[in-house]
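Welcome! Have a look at the model below, and then let us walk through some of its features together.

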Amino acid sequence: MRLSNLFGKTLRETPSEAENISHQLLLRAGMISQVAAGVYSYLPLGWRALKKVENIIREEMDRIGAQELLMPVLQPLELWQGTGRDLSFGKSLFTLKDRRERRLVLGPTHEEVITQLVRQNVQSHRDLPLLLYQIQTKFRDEPRPRGGLMRVREFTMKDLYSLDADEEGLDKTYKSVIGAYQNIFARSGLSTVMVEADSGAIGGKDSHEFMVIAPSGEDEVIYCSSCKYAANAEKAQDLKGRMNEEEPLPIEEVETPRIKTIDELSGFLNIPKSKTLKAVFYSADEELVFVAIRGDLEVNETKLRNALRCHELRLASEEEVMRAGLFAGSASPLGITGIKRVADDSITTGSNLVAGANKPDTHLKNVNYPRDFDVDLVLDIALAQAGQGCPKCGERLLSTQGIEVGHVFKLGTIFSETLGASYLDRDGKKRPIVMGCYGIGVGRLLAAAIEQNHDEKGIIWPIPIAPYNIYLCALSIESEEVASASERLYEELQEGGFEVLFDDRVESAGVKFNDADLLGIPIRLTMSPRTLKSQAVELKLRWKNQAELVPLEEVSDRLEKNIRGGFTA
RNA sequence: CGGGGUGUAGCGCAGUCUGGAUAGCGCGCAUGGUUUGGGACCAUGAGGUCGGCGGUUCGAAUCCGCCCACCCCGACCA
C-alpha cells in the first residue's frame, strides 16, 4: 500500500473527546472514526489490524475443532421472550419493528439462536460434542459507551458455543477452549490474567474472564500474589476475619443523638466498625429488601442480585424505607417483619454487636445472631477488598484494574432445557444438551493491545496483529535515485509476500518518521541518498532505538528470518 | 437516569461574562518557490448553517427559552 493513496490521515493533535490512550492513538493514527456515541467506522489500517486478530482467532478455534458459521443480527423478539432474557437484558436490548409490526431485536449475543439451531440439527449423542462459533457484530444499547473501542454499542465479537452430552464433556471442552484463548491472546501480543468471574443471575457453574491488566481498565481484579487466586471484584471473596467470640450479653439500649452512619456510630461509642451491624435497604425489582452486614464491610450488589435472583437492584429511597415503618440510620434487624431479610455471613462471626433500634437516635448494644433476630437468607454478599485475606491461602489480597477481553462460561442446561434442545443417549433416553459459551471482544482486544503496547510516540503493534509489518520510508523521494530504488524495493518486497506500507509521499524526514512511529508499524526500512551510497537501507524496529544498515540484496532474507522467527524486544 | 462539562473551518482552540462593522489564530489542505535524516520556510489561496429551533433587540457566536449531539463521573452493564 502506498501511503500517498491510503485513506485515513494522521492527526498531529489529539481529538479532545479521547480520554484513554488507545482511543487517542487509534484516532490520531486514522484507524477509526466516530459516527455516534459508541459507534465507530474502522478505516483501512484499523480494519486490517482487526482482521489480523480475527484470523488468529479463526486459526485457534479451528485447531480445537470448532466450526465457523454465521448467525443473523436480526432476531425475533419472541425467541428472547422464550428465555426471559428480553427482561434481563432490559434496555440494553436494541429493538425494532418490521413493516408488519413484528418486533425484532438486534442480537446482543446468540445463545437463543444457537440453541434453536442446534435443536433442529442435533438429535443423537453421536452428534456431540460440537463446537460452533462465529465472528459477528453485536448490538448492545449500553447505558454509557466509553473509552473509544473499549465499550461500544455495536461491536465485533467472536462467540463460540459448546454442546456436550454431559458435565464431564463440558469440563473437558471448557479446558480446551481456555487453552485456545490463551494461545489467541499470547499470539496477539497480549499478556492476560484469567480470573474467576460472576456467572450471573441465570446460574451456571464456572465462569472466567481474561483480563488485560491496564490502568484504564473498567474492571477491578482482586488477586493474591502468593497463590494463584484472582477474581473479578464482583465475584471475589476474602476472609472476613473472625471476631473474638464473647459471652453474649443482654441487650441494652443506648442514646445516639443524630448518629446515622457506621463511621459516626463507631466514633461516638468508641468501638471498631466490626463491632457494629450495618443495615441497608435495597429495592429488588421494586420489592423492599432488608440487608444486614457487619459494619466494616460493604455489600457486593452483584452477589446480592444473584442471591435475590432479581433483574433490577438499587438502593431503596428513604421514603420507601419509611413507608415500611423503618428508620434509615438506625434501622434494626430485630423484630422486622413483612419484608425479605438477607444477611451476609459475617454477622454469624461477631458477637455483641451494636445495631439500630428502629427508632430515632437510639441503637442497641449486644445484639447477637441468631439469639436476637432471624433472617431469610444468610450467605456471602460482601465486597472483597484489597488488604484483606486471600480465601485460598490467607495472604493479603491486592487489587488492580483490568480490561475484560474474553469471557468463558459454563452454561449447563439452562438454554437447552428452556428452548428444548435435547439428544437421545445410548440408552435412547432424552437428555438436555450441556452447553458452554465463550466470547472475545475483537475490537476491545485491539484497543487493549494498544493500551499495553505503546510509547509517547504512538502505537507499537505486535507483529502478528500489525496492519502492515514493514514501513518503507523513502526520504528525498523526489530524487530520481531514491524514487527508482525504493520503487524497486517496494515491488520486490511485495513479491516476496511481505506486507509493506510504502511512504512515497513528498514529505520531510521528520513527518515520515513521526507517522511511522504513530502508526506503530513494527519494522521500518529507511532509504535515502545516504543509505544508497552504500547500497543499503536502514532497518529499525519500532520498539528499539538503534537502527542498522542492511545491504539491499540481504533485505529480503533478513526480513524473512526475522518476521517468521519473530523479533523480540 | 442523576451530576458535571463541551459544541465556532478536517483537527486543536480564542472570541461569549460586558451584544456592534468583512468571525479570528495555530495545524492541516491547495498552488508556486526555497529547503530536505526526527513534525522546514516564504508567498498566495480555498474552506464557516458559530449544534438546531424559537424569542429579545435597530443589531445575536455573544442575552433568554426549548431541544439535540458528544465527553467525563456515577447509576447501569450475559
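## A loop with a positive phi

Asn270 sits in the loop that runs between helix 7 and strand 14; here helices (DSSP runs of H or I, at least four residues) and strands (E, at least two) are numbered from the N terminus. Phi of Asn270 is positive, near 55 degrees, although the residue is not glycine. Is Asn270 buried or exposed? Asn270 counts as exposed because its relative accessibility is 68%; the scale calls a residue buried under 20% relative accessible area, exposed over 50% and partly exposed in between, using a 1.4 Å probe and protein chains only.

Before going on, a word on the model: it is predicted, local features need pLDDT of at least 70, side-chain atom pairs count only at pLDDT 80 or more, and totals for chains, interfaces and linings use all residues. Residues are numbered from 1 along each chain as its sequence is written, chains are lettered from A and ligands numbered from 1 in the order in which they are written, and side-chain values use heavy atoms, with hydrogens and water left out.

Lys275 counts as buried because its relative accessibility is 18%. Its side chain makes a polar contact of 3.0 Å with the side chain of Glu246. A polar contact is a pair of N or O atoms within 3.5 Å; within protein, one must be able to donate a hydrogen and the other to accept it, and residues adjacent in sequence count only if both atoms are side-chain atoms. Leaving aside neighbours within four places in sequence, Lys275 is in contact (heavy atoms within 4.5 Å) with Glu246, Ser351, Asn352, Leu353 and Val354.

One of those partners, Asn352, lies in the loop between strand 17 (340-344) and strand 18 (353-356). Asn352 has a positive phi of about 50 degrees without being a glycine, and it is buried, with a relative accessible area of 5%.

## Helix 8 and its ends

Within helix 8, Thr302, Lys303, Leu304 and Leu308 are buried. The buried residues of this helix pack against strand 14, strand 15 (287-294), strand 16 (313-315) and strand 17. After helix 8 comes Arg309, which has a positive phi near 50 degrees.

## Two cis peptide bonds

Leu128 and Pro129 are joined by a cis peptide bond, with omega about -5 degrees. Pro129 is found in the loop between helix 5 (111-121) and strand 7 (130-139). The bond from Tyr369 to Pro370 is cis as well, and its omega is near 5 degrees. Pro370 is placed in the loop between strand 19 (362-367) and strand 20 (377-379).

## Domains and cores

Chain A is assigned domain 1 (21-177 + 405-450), domain 2 (252-379) and domain 3 (468-565), with bounds from an automatic or database domain assignment. The C-alpha centres of domain 2 and domain 3 are 68 Å apart.

A nonpolar core is a set of buried Ala, Val, Leu, Ile, Met, Phe, Trp, Tyr and Cys residues joined through side-chain atoms within 4.5 Å. The largest one has 64 residues, of which Met61, Tyr181, Phe185 and Trp461 touch the most other members. Helix 6 (residues 167-187) gives this core its largest share, 8 residues. At least three residues come from each of domain 1 and domain 3. Another core lies apart from it, with 25 residues, among them Phe502, Ile523, Leu532 and Ile563.

## Around the RNA

An N or O atom in the side chain of Ser528 is 2.3 Å from a base oxygen of RNA strand B, and a polar side-chain atom of Lys457 is 3.2 Å from a base nitrogen. For Arg12, a side-chain N or O atom is 3.1 Å from a sugar or linking oxygen of the RNA. Helix 13 provides the largest share of the surface near RNA strand B, 7 residues.
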